[in-house]
Amino acid sequence: MQITPETYDFNAEFQTEQFTNKTYKINFEEKRIIGEIDDLEAVKQASYKILHTERFNSLVYSWDYGVEFENLIGKDYDFILGDLQRRIEEALLQDDRIERIENVKVDKKQNDSIDVSFIVISKYGNVTMGVNINV
């Protein structure tokens, strides 16, 4: 007697659920949570957190969360310029609310740091962001 395994249509058993975009508002200066935010303000806060979290350094975040800036320290400036936009896009595009990054501008400072500014295009609107990287 031959036994044939049963097969299941997994797509029929699961439903996709859209979660709310509401989150807690963090006051970074006072290091407090004050109220709630959603939509574009939530995207702006999430982008800030991603860009200020070094990827792979914290056990509380998955390996998909954060940005890789630390290993740019000591690298050739041309290498950094060539890879910076990709690293920022890779980090921010993990958030499905963010569609793309545009208008990336880089300004090298005298103290071995780089200011990067760009526009985050999200499904809730656009926000201008910036980050300073020590290299």
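I took two strands as paired if DSSP finds at least two bridges between them. Helices (H or I, at least four residues) and strands (E, at least two) are DSSP runs, numbered from the N terminus. The model is predicted, so I note its limits: local features need pLDDT of at least 70, side-chain atom pairs count only at pLDDT 80 or more, and totals for chains, interfaces and linings use all residues. Residues are numbered from 1 along each chain as its sequence is written, and side-chain values use heavy atoms, with hydrogens and water left out.

I looked up β3 (residues 98-108) and β4 (residues 113-122), which pair in the antiparallel sense over 8 bridges. I found I119 of β4 as bridge partner of E102, and I114 of β4 as that of K108. The two strands form a hairpin with 4 residues between them, and D112 in the turn has a positive phi of about 60 degrees.

Entry on the sheet. I recorded an open sheet of 3 strands in the order β3-β4-β5, with antiparallel pairing. Its edge strands are β3 and β5, each pairing on one side only.

Entry on the core. I looked for a nonpolar core (buried Ala, Val, Leu, Ile, Met, Phe, Trp, Tyr and Cys residues joined through side-chain atoms within 4.5 Å); buried means under 20% relative accessible area with a 1.4 Å probe, protein chains only. The largest has 21 residues, of which F69, L84, I88, L92, V116, F118 and V120 touch the most other members. Two or more residues each come from α2 (39-51), α3 (77-92), β3, β4 and β5 (125-134). The largest share, 5 residues, is from α3.

Note on methods: Buried means under 20% relative accessible area, exposed over 50%, partly exposed in between (1.4 Å probe, protein chains only).
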